[in-house]
Amino acid sequence: MEAEDDFYVRYYVGHKGMFGHEFLEFEFRPNGKLRYANNSRYKNETLIRKEVFVSQSVRDELKRIITDSEIMKEDDSLWPEPDRVGTQELEIVMNNEHISFTTSKIGSLLDVQESKDEEGLRTFYYLVQDLKCFVFALISLHFKIKPVPI
């Protein structure tokens, strides 16, 4: 069993544009805290912040998703650099390894196919999709986004 402090995941995607600094960010901390933030000024929305502690079984599933993706074998040196369209960052600390990826926002698989490292960027793209779905499911399970009026 790995040490509790040996596991950390952070994902960020964002850009600065017409509506200011818009971003989505989440992180799983070593103590099991999931922190989520979504900032958008579109239609006068505001910053949404959520924090929740997740169980060991949730952390184990997250580790399995990351391990199965084989992202720890990848290298972002041939991936598109962040640009005016936006930035994505993924940082993982797991099994005594620490990786950090930075690339531009990926609009679709077409962007992946046009990359110099199509296979590596595809791995990143699908892992990010899985992580976002996982986090959105956890957040929606723990919080009612639109509470029912009493």
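Predicted model: local features only at pLDDT ≥ 70, side-chain atom pairs only at ≥ 80, totals over all residues.
## Overall architecture

The chain holds three helices and six strands. Read from the N terminus, the order of elements is β-β-β-β-α-β-β-α-α.

Of contacts between residues at least 6 apart in sequence, 48% join residues at least 24 apart.

## Burial and surface

The chain has 150 residues, and 42% of them count as buried. Its accessible surface is about 9,200 Å². Carbon and sulfur atoms account for 51% of that surface.

## Salt bridges

Side chains of opposite charge can pair when their charged atoms come close. A search of the whole structure gives 11 salt bridges.

Glutamate 89 and arginine 10 form a salt bridge through their side chains, with an N to O distance of 2.6 Å.

Arginine 10 has a relative accessibility of 16% and counts as buried, because the class requires a value under 20%. Glutamate 89, at 23%, counts as partly exposed, because its value lies between the 20% and 50% limits.

Glutamate 118 has a relative accessible area of 30% and is partly exposed. Arginine 122 is likewise partly exposed, with a relative accessibility of 27%.

## The pair of glutamate 70 and lysine 73

Another salt bridge joins the side chains of glutamate 70 and lysine 73, with 3.5 Å from N to O. That distance meets the criterion, because a salt bridge requires the nitrogen to be within 4 Å of the carboxyl oxygen.

Lysine 73 has a relative accessible area of 65%, so it is exposed by the cut-off of over 50%. Glutamate 70 has a relative accessibility of 43% and therefore counts as partly exposed.

## A salt-bridge network

Salt bridges also link several residues into a network. Its members are Glu27, Arg29, Lys33, Arg35 and Glu51.

Key
Residues numbered from 1 in each chain as written. Heavy atoms only, no water. Buried < 20%, exposed > 50% of the residue type's maximum accessible area, 1.4 Å probe, protein only. Helix = DSSP H or I, 4+ residues; strand = E, 2+ residues; numbered from the N terminus. Contact = heavy atoms within 4.5 Å. Areas by Shrake-Rupley, 256 points an atom, 1.4 Å probe, with all protein chains shown as cover.
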